[in-house]
Amino acid sequence: MTPSIALSILPRAASFQRRPWLVTDARCWCNMSSAKQMGRGQYRNEYIAALAATSSLVASVACAGWSSPALPVLRGPNSPIPITPDEGSWVVSLLSIGSLFGPIICGLFVDRYGRKPVLLVSAVPLVAGWLFIVFAESVGMLYTARLLHGIGYGLAYSLTPIYLGEISSNAVRGSTGVLVTVMAKLAFLFEYSVGPYVGFRALAWISLALPVGFVVLFFWMPETPYYLLARGNKKAAADSLRWLRRSSTIDEELGRMEKLVLESKQRGNPLKQLLLTSTNKKSLVIILLLSFGMQLTGINAILGYSQTIFSRLALPLTAAELSIVLALVQLGSVMLPTFLVDRAGRRPLLLASTGGSFIGLAMCAVYFTLDETTTDVLSPEPGAAHGWIPFAGVLLFIISFAIGLATVPFAILGEVFPKHIKAAANSVFGVITSAVVFSVVKLFQVISDGAGTYVSFWIFTGCTATTGVLIYLIIPETKGQSFERIQEIMMRRGRTPTMTVLILLLLLIPISSEVEIDCNSLRMGQFICPDPALRQIDPKTQQLRGCTPDNKARVWCVAVEGIVCSETKNTSFTREMPCKWTNGYHFDTALLLSVFLGMFGADRFYLGYPAIGLLKFCTLGFMFLGQLVDVILIATQVVGPADGSAYIIPYYGPVITVVRSDNWTYRLPQDNW
C-alpha cells in the first residue's frame with residue numbers, strides 16, 4: 001500500500017467511528033466476499049495432493065497395460081525374446097503374484113514410517129522392473145521384471161486410498177477416491193496408444209519416465225494429519241491440515257482427529273480389531289464382496305489380452321486401434337463417477353454397474369459361443385462376421401464397469417473402516433485382490449485355449465450376476481456421511497447374519513466336484529477325439545491338421561463331464577491320432593491321367609515313377625496292357641505316390657484301407673485256454 005493511498009483512507013476511517021453501522025456493513029461485505037472466494041477454491045490443495053498421490057497409479061498401472069501391446073510383439077515372428085503362449089500367460093499373471101507382497105509391505109511399514117515415504121518407495125521396484133525389461137535377453141528377466149512391477153503395483157494400490165481418505169474432507173472424499181480409477185485408466189490409454197507404435201525396448205524407456213515423474217510431483221506434498229497426530233506431532237499435523245483445507249480455522253476438525261487417534265490407540269492391535277470386532281467384520285465382508293466382484297468380472301483378463309481378443313474380429317480397425325478406442329472409452333467412463341459418486345450415491349452406481357456389465361459380458365459370451373461351436377449361424381470362418389457385436393459388448397462392459405465397480409469400492413474402502421485399522425484392511429483387500437487377479441488372468445488363457453473363449457466369458461457373466469445380487473443385499477449407502485455416522489450405520493446392520501453373508505459370498509468362487517487325472521490314460525468312452533467342437537479337419541486334404549510323414553497328428557480331445565485333465569486343468573487335452581499324410585497328390589487326377597493318358601505314362605510321371613513312365617511312353621503302355629493294369633492298381637489305391645504319402649481324396653470319394661490279420665482281428669491261443 002502506497003503512502004498516498006493510506007492517507008486517503010484515514011478520513012473515511014474517522015467517519016466510520018461516527019457511523020458504527022457502516023463498520024458493521026463493511027465487515028459483513030468483506031466476510032461474504034472472502035467466503036465466496038474460498039468456496040470456489042476451498043478444496044484446491046486437497047485435489048492437488050490427491051492428483052500427486054494418484055500419479056503413483058499411472059506409474060504402476062502402466063505395468064498392467066504394458067502386456068496388451070507387448071504380447072503380440074513377444075509372440076510375433078521378429079520377437080526380441082521369443083515366448084510360447086504359456087510363457088505369455090505367465091508374463092501377464094506374474095504381476096499379480098508380485099502384487100501380493102505390496103499390501104504386506106504396506107501393513108508392516110505404513111504406520112511406522114508414514115504414508116508419504118512408503119508411497120515414494122513404491123516407485124523403486126517400478127523403476128527396477130522397467131530397467132530389467134530394457135536389458136532383458138531371456139524370459140527369466142521378463143519374469144523378474146513383472147514380479148518387481150507387481151510389488152510396486154500392489155504397494156501403490158494399497159497405500160493411495162489410505163492417503164486420499166486421510167487428507168480429504170467429507171465433501172470431496174468420494175471424488176478424490178474415484179481419482180484412483182481415473183488415473184489407472186489414463187495409464188492404460190498411455191500404454192495402448194504408445195505401445196503399438198514404438199519398439200519393445202523403447203516402450204520400456206518411455207514407461208520408465210512415469211515413476212520418475214511421480215516422485216518429482218509427490219515429493220512436495222504433505223504427510224497426512226492423522227499419521228502426524230498418531231506420532232505425537234500436533235504442530236506438523238496442524239500445518240498439514242491448514243495447507244490442505246486452505247483455512248486457519250482448523251481447531252474443531254483437528255480436535256476430532258485427535259479424538260479418533262486417541263481412541264485408535266486405546267483399541268489395541270489393528271489386525272485383531274479387524275478380525276474380532278463385530279462392526280469391522282461386517283465391513284470386511286463388504287470389502288471381500290467388492291474385491292471378488294470386481295475381479296471375477298474378468299476386467300484384468302480382458303484388458304491384459306485385449307489385442308489378442310480383438311485380433312479375432314474382422315473389423316475395419318486393427319487390434320491395436322481397437323484397444324486404443326477401448327482405453328479412450330474407459331477413461332471417459334471413469335470420469336463420470338467423479339461427479340456422480342457424491343450425488344447419486346454408492347449403491348445406485350454399483351447396481352447400475354453390475355447390470356450393464358452383465359449385459360455386455362453376455363453379448364460377448366453368446367457371440368463367441370456361436371462363433372466357436374457352430375458353422376452356419378455367423379460365418380463358416382471364425383471371427384469373420386458380425387465382429388462389431390463382441391466389440392460393442394466389451395465397450396458396454398467397460399463403460400458399465402467404470403461407473404461403479406471400478407471406482408466406488410475404493411471410495412467405500414476409505415469410509416467403512418476406522419482410521420486405526422485402515423492400513424490392515426487395505427492389506428487384506430490388496431492380498432485378496434491380487435490372488436483373485438492372478439487366478440482370473442492365468443486361467444483365462446488356459447480355459448480359452450483348452451475349452452474356448454466363450455467358456456471364459458460365460459464364467460465372467462455368471463460371477464457378475466451373483467455380484468449384483470450380493471451388492472443389493474449387503475452394501476450400505478455411505479454418501480455424505482462422516483466416519484462416525486458410517487460406524488453407526490454398520491452397527492445397525494448387525495442384524496444381517498454374518499455367516500449367511502459369507503455363504504452367499506462363496507457363491508462367487510467356482511466350486512467343482514471334478515476329478516483331476518492324466519487324460520492320456522483315459523479309456524474308450526471316456527473321451528471324444530478329436531473334439532467335435534473344433535475344426536480340426538483340413539478341408540483341402542480331408543485329413544487332421546498337422547498330419548506328419550509319420551502318419552500321426554496331435555489334436556485336441558475332450559473328456560466326459562466330471563473329468564479334469566492334469567496337463568491342462570480343464571476337460572481338454574491333446575492326443576496323437578493316426579492320419580494319412582498327404583503331399584499334394586490327388587486321387588482323381590491320378591486316375592484320370594491313367595485312363596486317358598496312361599499309354600504315355602502320364603500317370604506314373606505324376607506319381608513320381610519316371611522310369612516306369614518312360615517305359616510306358618516308349619511302348620504305348622506295354623501295348624495298352626500295362627495301361628489297363630495301372631488303371632486297376634490306381635483305382636484300388638494299391639499304387640500310390642512314390643514318396644509314401646496318401647492320396648488327397650474328395651470327401652465323397654472312396655478310401656480303401658487294407659485290414660490284415662493281427663492281434664485285434666482274431667484270437668490268439670493263450671496259455672491258460
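1. Helices H8 and H9. In this predicted model, helix H8 spans residues 123-134, and its axis comes within 8 Å of that of H9. The two axes cross at roughly 160 degrees. An angle over 145 degrees counts as roughly antiparallel, and H8 and H9 are therefore roughly antiparallel to each other. The crossing of H8 past H9 is left-handed.

2. The H8/H9 contact. On the H8 side, the contact is made by Pro-125, Leu-126, Ala-128, Gly-129, Trp-130, Phe-132 and Ile-133. H9 contributes Met-141, Leu-142, Thr-144, Ala-145, Leu-148, His-149, Ile-151, Gly-152 and Tyr-153.

3. The largest nonpolar core. This core holds 113 residues. Trp-66, Phe-218 and Phe-310 touch the most other members. Which helix gives the most to this core? Helix H9, residues 139-167, does, with 12 residues. In soluble globular proteins, nonpolar side chains tend to be buried together.

4. Phe-218 up close. Leave aside residues up to four places away in sequence. Phe-218 then touches Ala-52, Ala-53, Lys-116, Leu-119, Leu-120 and Tyr-163.

5. Disulfide count and pairing. How many disulfides does the model contain? The count comes to 3. Number the bonded cysteines of the chain in sequence order, and the pairing reads 1-5, 2-4, 3-6.

6. Cys-519 to Cys-565. The S to S distance in this disulfide is 1.9 Å. The torsion about the S-S bond is about -90 degrees, so the disulfide is left-handed. Cys-519 lies in the loop between strand E1 (515-517) and strand E2 (527-528), while Cys-565 sits in strand E6 (residues 563-565). The pair therefore ties together parts that are 46 residues apart in sequence. Buried or exposed? Cys-519 is buried, at 0% relative accessibility. Cys-565 is buried as well, at 0%.

7. Cys-529 to Cys-557. Cys-529 is in the loop between E2 and strand E3 (537-538), and Cys-557 is in strand E5 (residues 552-559). The pair links distant parts of the chain, 28 residues apart. Cys-529 has a relative accessible area of 19%. Buried means under 20%, so Cys-529 counts as buried. Cys-557 is buried at 0% relative accessibility.

8. Cys-547 to Cys-579. The sulfur atoms of this disulfide are 2.0 Å apart. The torsion about the S-S bond is about 90 degrees, so this disulfide is right-handed. Cys-547 is in the loop between strand E4 (543-544) and E5. Cys-579 is in the loop between strand E7 (572-578) and strand E8 (582-586). These are distant parts of the chain, 32 residues apart. Both cysteines are buried.

9. Two further cysteines. Cys-364 is buried, with a relative accessible area of 1%. Cys-463 is also buried, with a relative accessible area of 9%.

Terms used
Residues are numbered from 1 along each chain as its sequence is written. This is a predicted model: local features need pLDDT of at least 70, side-chain atom pairs count only at pLDDT 80 or more; totals for chains, interfaces and linings use all residues. Side-chain values use heavy atoms; hydrogens and water are left out. A disulfide is a pair of cysteine sulfur atoms within 2.5 Å. Helices (H or I, at least four residues) and strands (E, at least two) are DSSP runs, numbered from the N terminus. Buried means under 20% relative accessible area, exposed over 50%, partly exposed in between (1.4 Å probe, protein chains only). A nonpolar core is a set of buried Ala, Val, Leu, Ile, Met, Phe, Trp, Tyr and Cys residues joined through side-chain atoms within 4.5 Å. Contact means heavy atoms within 4.5 Å. Axes are lines fitted to C-alpha atoms, for helices over the stretch in contact, and angles run from 0 to 180 degrees between N-to-C directions. Angles under 35 degrees count as roughly parallel, over 145 as roughly antiparallel, 65 to 115 as roughly perpendicular and the rest as oblique. A crossing is left-handed if the near helix is turned anticlockwise from the far one by less than a right angle, and right-handed if clockwise.
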